[in-house]
Protein chains: 2
Amino acid sequence: MENNKQESRDITIKDVAQEANVSIATVSRILNGKGGVSLALTKRVQEVVKQLKYQPNNVARALKIKESRSIGLIIPDIENPFFPALVRGVEDAAQRHDYAVILCNTDGRVEEEKKYIEFLFSKRVDGMVFTESLDSKNNIALLASSGIPIVLLDRRVEGMQASAVVTDNQLGAFMATEHLIQLGKKNIAFLNGSLKLSSGAERANGYREALTKYKLAYKEQLVINGAFTYDSGYEATEMLVRSGQKFDGIFASNDMIAIGAIECLAKHNIKVPEDVGVVGFDDIRMATWYKPALTTIRQPVYDMGKCAMNILVEQISGVREKYCEQIFMPELIIRKSSGAKEVGK
Amino acid sequence: MENNKQESRDITIKDVAQEANVSIATVSRILNGKGGVSLALTKRVQEVVKQLKYQPNNVARALKIKESRSIGLIIPDIENPFFPALVRGVEDAAQRHDYAVILCNTDGRVEEEKKYIEFLFSKRVDGMVFTESLDSKNNIALLASSGIPIVLLDRRVEGMQASAVVTDNQLGAFMATEHLIQLGKKNIAFLNGSLKLSSGAERANGYREALTKYKLAYKEQLVINGAFTYDSGYEATEMLVRSGQKFDGIFASNDMIAIGAIECLAKHNIKVPEDVGVVGFDDIRMATWYKPALTTIRQPVYDMGKCAMNILVEQISGVREKYCEQIFMPELIIRKSSGAKEVGK
DNA sequence: GTGAAAGCGCTAACAC
DNA sequence: GTGTTAGCGCTTTCAC
């Protein structure tokens, strides 16, 4: 039982070849299903492979064929409830195409981002799915110059030659604002995330667009830019309340902001939706269970992740030559927090 | 500018050596900080490295030194709110030690799990962090026989020679049940996840232990085993209500079960905490924001992930020779749902 | 201190 | 159909 002596992973193609009395080339051909090998040898080799518990060494393979079959996935933070579904979408698509995904959390810090990018370069990933941080400009240049396929996810980066998978944020914001307007709200505050992110900027446009269409004045005091976080929503609302500005609606640029806002309103004994109607964005899972359940703009996050990875695969394989942009449609999900009559689940 | 012609990643150690007029051995030594190289050469080489934008090829390195500097992380589903913090903990620790983590979602299916394990073998990961599915026995044997370092996370696997990082589930369940008892509850239902998982089994013990200590009868009709999901919690509660059994408290084996239970109770116009006090387990983020805010048993999930990865690194490097078991202490977080007087946040 | 050379496990010409 | 062989980019003995 000399094959018990070594670990499975120490068995090489050479051992298999020896044991089966063929050349390593033949073994390789069979392993890769290249064809052109007699049935007899094929069976014999497969037998030996099983018996020796041979495990192909893909790092050797990667070195030889210059293809690691792994990709990098760069996001700010998996603990942010927006990302798990996105990651899962990427992962599922990756797996179907036999790619490993290396997960990287940058916390939105550019230095971390840069470290990771270089790390992934050294790992010779075949491509990257990238959700940018606030000031990713330099890193994006780094990425672009590398020549490795990239797809931008959730956030578009202007001037970058890369595919992007995003939601129509402007439309979504428009729908959210319009919904509040149609509910009779006249003074709708807008608690935005960062304007530096395309999502933030585009949602600002949508908010404005709705106001314009319905001939409502745009009041600067009702618009607060911050971050896409609970705390930001809470603080912005605090400012709003303190400012004494009247408002009967809030469009929050994502659900976490919305929840932060509602918690703050509650502290001030302002009732949602009776006193103020609130609409969020994303439709994270919590939106369903939160009380009041959040009216929100759903993004098909899982599908977006999946789509991004599929595009990446196409670019890696060369099937897709040009960059492309996939724009997903947002959907208004009406629940309690906006105070609408017809409430869905 | 012939170096503009090729991508950075096509520059090899050989190009650097040539350009700097030294041998590749010298370049390698410098790159790896091995010492024993004159300052003059060191500076010259570093200069060239920068100028050529040389990017080390770690797949070649991995092949040579038989160490991929990547690990596999196998979990059921990143979309399950329990896991993001766990993953983040693993990831942060991994990064600090320069390991890449390859994320794998099995959905708790053993076949998926097996596929992933073999996939990771072929990638020659240096180790694995593993959160088992319901019937992982065979896969675990596979893992154990491979000889590669493994650490079990969140769920212990009996009879497996591997390190484990877990919470003291029995204690946690005891605390949860005791809390309800001390609130005067006499008929405490226990909605468990799966008994097949160590966490489920241990929590069942803790529930029982508390009942015994306080001389309350264990009533089989009040104990329902299901899965660690919202749906399971909802359905179990439906059964409970329909059964006509009296109960004034529910200990749910995790927060998702608790939320499912509360939603179901609400449907039946049973008020929480007035009619029934509910305690969950995990302290996922939603527990804070859910209404009523969930009293629950907190697990230090992030720290557990971190700890698991640190142990793995020690095992890989050989610093740690024997398996070890890290048991984290649970903590009772009192909020609204149990109906206690002193409510924290 | 530095360099020459072997070889990690694999694929893919190329030869037969 | 099958085998021989050259390297993929790197690390590391061994010799000088």
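The questions below concern a predicted model.

Q: Why is chain A called more spread out than a compact globule?
A: The radius of gyration of chain A is 26 Å, whereas the globule rule gives 20 Å for 345 residues. The value lies well over that of the rule, so chain A is described as more spread out than a compact globule. Along the principal axes, the C-alpha trace of chain A spans about 85 × 40 × 30 Å.

Q: What else describes chain A as a whole, in terms of helices and strands?
A: Chain A contains 14 helices and 12 strands. Of its 345 residues, 52% are buried. Among contacts in chain A with a separation of 6 or more, 71% join residues 24 or more positions apart.

Q: What makes Asn139(A), Ile140(A) and Leu143(A) buried residues?
A: A residue counts as buried if 20 or more other C-beta atoms lie within 10 Å of its own. Asn139(A), Ile140(A) and Leu143(A), in helix 8 (residues 137-146) of chain A, are buried, and therefore each reaches that cut-off.

Q: What covers the buried residues of helix 8 of chain A, and which residues does the opposite face carry?
A: The cover includes helix 7 (110-122), strand 3 (127-130) and strand 4 (150-153) of chain A. The face turned away from the buried side carries the exposed residues Asn138(A), Ala141(A) and Ser145(A). Just after helix 8 of chain A, Gly147(A) takes a positive phi of about 80 degrees.

Q: What makes up the surface near DNA strand D?
A: DNA strand D is surrounded by 27 residues, of which the closest are Ser23(A), Ala25(A), Ser38(A), Thr12(B) and Ile13(B). Helix 3 (24-31) and helix 5 (58-65) of chain A, together with helix 3 (24-31) and helix 5 (58-65) of chain B, each give two or more residues to this surface. Its residues comprise 14 nonpolar, eight polar and five charged.

Q: What makes up the side of chain B that touches chain A?
A: In chain B, 35 residues are in contact with 35 residues of chain A. The residues on that side of chain B divide into 18 nonpolar, nine polar and eight charged.

Note on methods
Residues are numbered from 1 along each chain as its sequence is written. Chains are lettered from A and ligands numbered from 1 in the order in which they are written. This is a predicted model: local features need pLDDT of at least 70, side-chain atom pairs count only at pLDDT 80 or more; totals for chains, interfaces and linings use all residues. A residue is buried if 20 or more other C-beta atoms lie within 10 Å of its own, exposed if 12 or fewer, and partly exposed in between; C-beta atoms are placed from the backbone. Helices (H or I, at least four residues) and strands (E, at least two) are DSSP runs, numbered from the N terminus. Two residues are in contact if their C-beta atoms, placed from the backbone, lie within 7 Å. A residue is near a molecule or strand if its C-beta atom, placed from the backbone, lies within 6 Å of it. Ala, Val, Leu, Ile, Met, Phe, Trp, Tyr, Cys and Pro count as nonpolar, Asp, Glu, Lys and Arg as charged, and the others, Gly among them, as polar. The radius of gyration is taken over C-alpha atoms; the globule rule is 2.2 Å times the number of residues to the power 0.38.
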